[in-house]
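Reader: I'm new to this one and would like to learn how to read it. Could you walk me through it step by step?

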Amino acid sequence: MKSTHQLCLLTTLILTFTTFTAAAQESGRITGKVSKSQSEETVQFANILLQKVNADKQKRIKGTTTNAKGRFRMQNLDWGQYRLIFSYTGYSSREISGIKLSPGNPEVTLDTVTMRATAEDLEA
């Protein structure tokens, strides 16, 4: 009786682990960091728009902002090709396209994305 209970428990644990592992492998993640081009200072709270690129159209999938350290993460993304658009007040927008997520490439970590100021700072 005890051995049957242990076997059932072991089987349940294996199935649970297998299910979570399979679910984790069915989605991708994009991560990176945003900084100012004239310095290596990070851009806090920059806006990031994610678009999935299809043969006939582009659609907005999700958006996020960088954190206080200029880093961002987008996860639970379907496999496919994506474009990221970065924007921040006072800076030119940046676009990065050709990002591909697949079972063989489930995570993309971008090099530091630099943003260029559009105007000089005003002095008081």
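This is a predicted model: local features need pLDDT of at least 70, side-chain atom pairs count only at pLDDT 80 or more; totals for chains, interfaces and linings use all residues.

Reader: Let me step back for a moment. How many helices and strands does the chain have?

Author: There is 1 helix, along with 8 strands. Reading from the N terminus, the order is α-β-β-β-β-β-β-β-β.

Reader: And what do the contacts say about how the chain folds back on itself?

Author: Take the contacts between residues at least 6 apart in sequence: 58% of them join residues at least 24 apart.

Reader: How should I think about a nonpolar core?

Author: The general idea is that in soluble globular proteins, nonpolar side chains tend to be buried together. Here, the largest nonpolar core has 20 residues, and those touching the most other members are Ile30, Phe72, Leu84, Phe86, Ile99 and Leu110. Strands E1 (28-36), E2 (47-53), E4 (71-77), E5 (80-88), E6 (91-101) and E8 (113-115) each give two or more residues to this core. The largest share, 4 residues, comes from E6.

Reader: I see some Phe residues there. How do I read aromatic rings?

Author: A pair of aromatic rings is described by the distance of the centres and the angle of the planes. Searching the whole structure turns up 2 aromatic pairs. In one, the ring centres of Phe72 and Phe86 are 5.7 Å apart with the planes at 70°, so this pair is edge-to-face. Phe72 sits in strand E4 and Phe86 in strand E5, so the pair ties together parts that are 14 residues apart in sequence. Both Phe72 and Phe86 are buried.

Reader: What about Tyr88 and Tyr91: why is that pair called tilted?

Author: Their ring centres lie 5.6 Å apart, and the planes are at 55°, so the pair is tilted. Edge-to-face would need planes over 60 degrees apart.

Reader: Is Tyr91 buried or exposed?

Author: Tyr91 is buried, because its relative accessibility is 15% and the cut-off for buried is under 20%. Tyr88, at 30% relative accessibility, counts as partly exposed.

How values were computed: Residues are numbered from 1 along each chain as its sequence is written. Side-chain values use heavy atoms; hydrogens and water are left out. Contact means heavy atoms within 4.5 Å. A nonpolar core is a set of buried Ala, Val, Leu, Ile, Met, Phe, Trp, Tyr and Cys residues joined through side-chain atoms within 4.5 Å. Buried means under 20% relative accessible area, exposed over 50%, partly exposed in between (1.4 Å probe, protein chains only). Rings of Phe, Tyr and Trp (its six-membered ring) pair if their centres lie within 6.5 Å; planes under 30 degrees apart count as stacked, over 60 as edge-to-face and the rest as tilted.
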